[in-house]
Every structure is written in structure tokens, then in C-alpha cells.
Amino acid sequence: MTKKPTAKKKSKAARKSVGRAGQAIDERVAALAEAPESLGQSDTKLQLILNLLRDEEESVEVRLEALQILQAATFSAPSFESWRGDYIAALRKVAADQDAELRERVLGILAREKDGFAQKKLLEGLQHPAKALVEPEKALQLLSYDVHAEAYPVARRIVKHPPNPAAKREALRLLAADAAAVPMLEKVLRDKSETPELRQVSAAALQALKPEKLQAYARKALLDPSEQDDIQTTCLTALTQFGKAETVSKDKALLKRVDRLSGARSPMLKQSARQFLKKYKPAS
């Protein structure tokens, strides 16, 4: 009769499968890479991998591999649900780790889980930069997974006083669900001193919040020969996709202007103009 392995032997085998502290980092990572195959059948191994993730004295490479294994286990290990509480607790602990990459990866997982702890820490970092766990633009991206009302005032403040252009862009994106931000979005869209990217992000947010505002501005921008090509392309796309056919098809000034734009040097602008005309200009 075959003897079942004892708990002590199981623990020893589990430790072997995740590597030893004295091994070279690449050997430990390689040992960990083989762990997912049996993770669902070994609570001991799962506990060891959680411990590796939490251990600040471990190398970042080993901890990142442990994190990847645990992420995979959330989908593939049948028994993982009983460990979810420990997993989330470990992630929250590592969210304030000294290593920036590990912090960002962990906060990303928590944000996708719509974790309240992560939301609080991300908002706190935006309000008090000295406490920030990630760069402001990354914090705004992560907050967008589950936007709470408290994030909107913070995003509006960042648009007014951005720490960098990327943070302003992500703040504008986050405001695409904030009705109170419509005047701010209009201001950015109309400001020719803003970059085309920021104006386009504002246009997309306006389309979501107040499409009639974007439609009105689109016509004005297309009739303005000094407007940037990128913005005119965006406006043409907005009118082509969402314009009211009964109104646009009768707008002689607009049709005439777009007819000129169909010969523009910019390939994107030219293509957008031709698509617009195909939809709205009657065949002659």
C-alpha cells in the first residue's frame, strides 16, 4: 500500500518547488515559473508564494514572479477563492513597497478589483504628492477603473494646475463622466494654445457628456481656416458619425468648406473630409 506524504514532506516539497533563498535569482524565478501547474492542489505552496510576495528582503524579480503566479491562480486554481482574502491583504501590504514597479503592478490589480483601499491611497497621493505611491498620471488611469465622485474635484484641479502634460491628459479623460466639467472641457477644446492631443481628449469627453456642444464647435472649427489639421479631422469625424443628417446636408457653407478640405495635404484630414462628403453631399 502506497503511503500518503506527510504534512512535513509536503511542506518540504513545496519549499523546493519555489526555490531556496540561497539560490541564484534566475534559478529561483525558474523554480517559481513551474509552480502554477500544481498550485491549485497545494495550500502550502500557495502560502509560500504569498509569503514571497510580502517579503521585502526578497529580490524584486522573485516577488514579481510570485505576483504573476498569484494573478494566474485567481483564474485557474479551483481552491483560490478561499485564499482571496489573504491575497488582497498581501497586495495591500505590498502597495506601499519601496520598489516602484512592484507598487504600480499591485495597485493596478487592486484598482481592477475596485478595491476601496487602493482608491483611497491613489486619491491621497494626488491630494498630497509627498504621499504618492505612483506618478499622478498613473494614479488617474487606475482611478478610472472605478471612478468615485471624490475623484472629480481632484481631476479638475489637476487640469488647472497640472504637474505634467500626461497628468493633465489623464485628468481630462477621467472627467468624461463628470457633468460639472463641461465648461472646463469646452475651454480646453477651444484653446488653440493647448496641444492637439489634449484638445482631442476634451472633444471625446464632450461627446460623452454634451454631444450638442461638440457638434456646435465642430462646425465653427471647420469653417476656421486657421484651425489645426488634427482638430479639424476630429471635428469631421464627430460630424460624420453623430451629426444630424437633415441639418448637415443643408449647410451649404459647411459643405463648401469640407469640399476644399477634401484636397488637403494631411492624409487623415483629406480622408475624413471625403468620408463626410460621401455621407452628406448629394451626388451630382
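Helix axes here are lines fitted to C-alpha atoms over the stretch in contact, and angles between N-to-C directions run from 0 to 180 degrees. Helices themselves are DSSP runs (H or I, at least four residues), numbered from the N terminus.

The model is predicted, so local features need pLDDT of at least 70 and side-chain atom pairs count only at pLDDT 80 or more, while totals for chains, interfaces and linings use all residues. Residues are numbered from 1 along each chain as its sequence is written, and side-chain values use heavy atoms, with hydrogens and water left out.

**View 1. Helix α13 meets helix α15.** The axes of α13 (residues 196-209) and α15 (residues 229-242) come within 9 Å and cross at roughly 15°. The two helices are therefore roughly parallel (angles under 35 degrees). Contact (heavy atoms within 4.5 Å) involves P196, R199, Q200, A203 and Q207 of α13, together with D230, I231, T234 and F242 of α15.

**View 2. An aromatic pair, F276 and Y280.** Look for the 1 aromatic pair in the structure (ring centres within 6.5 Å). F276 and Y280 are both buried (under 20% relative accessible area, 1.4 Å probe, protein chains only).

**View 3. R257 in helix α17.** This helix covers residues 252-261. R257 is buried, with a relative accessible area of 14%. Beyond its neighbours within four places in sequence, R257 contacts L222, L223, D224, P225 and Q232.

Technical notes
Rings of Phe, Tyr and Trp (its six-membered ring) pair if their centres lie within 6.5 Å; planes under 30 degrees apart count as stacked, over 60 as edge-to-face and the rest as tilted. Buried means under 20% relative accessible area, exposed over 50%, partly exposed in between (1.4 Å probe, protein chains only). Angles under 35 degrees count as roughly parallel, over 145 as roughly antiparallel, 65 to 115 as roughly perpendicular and the rest as oblique.
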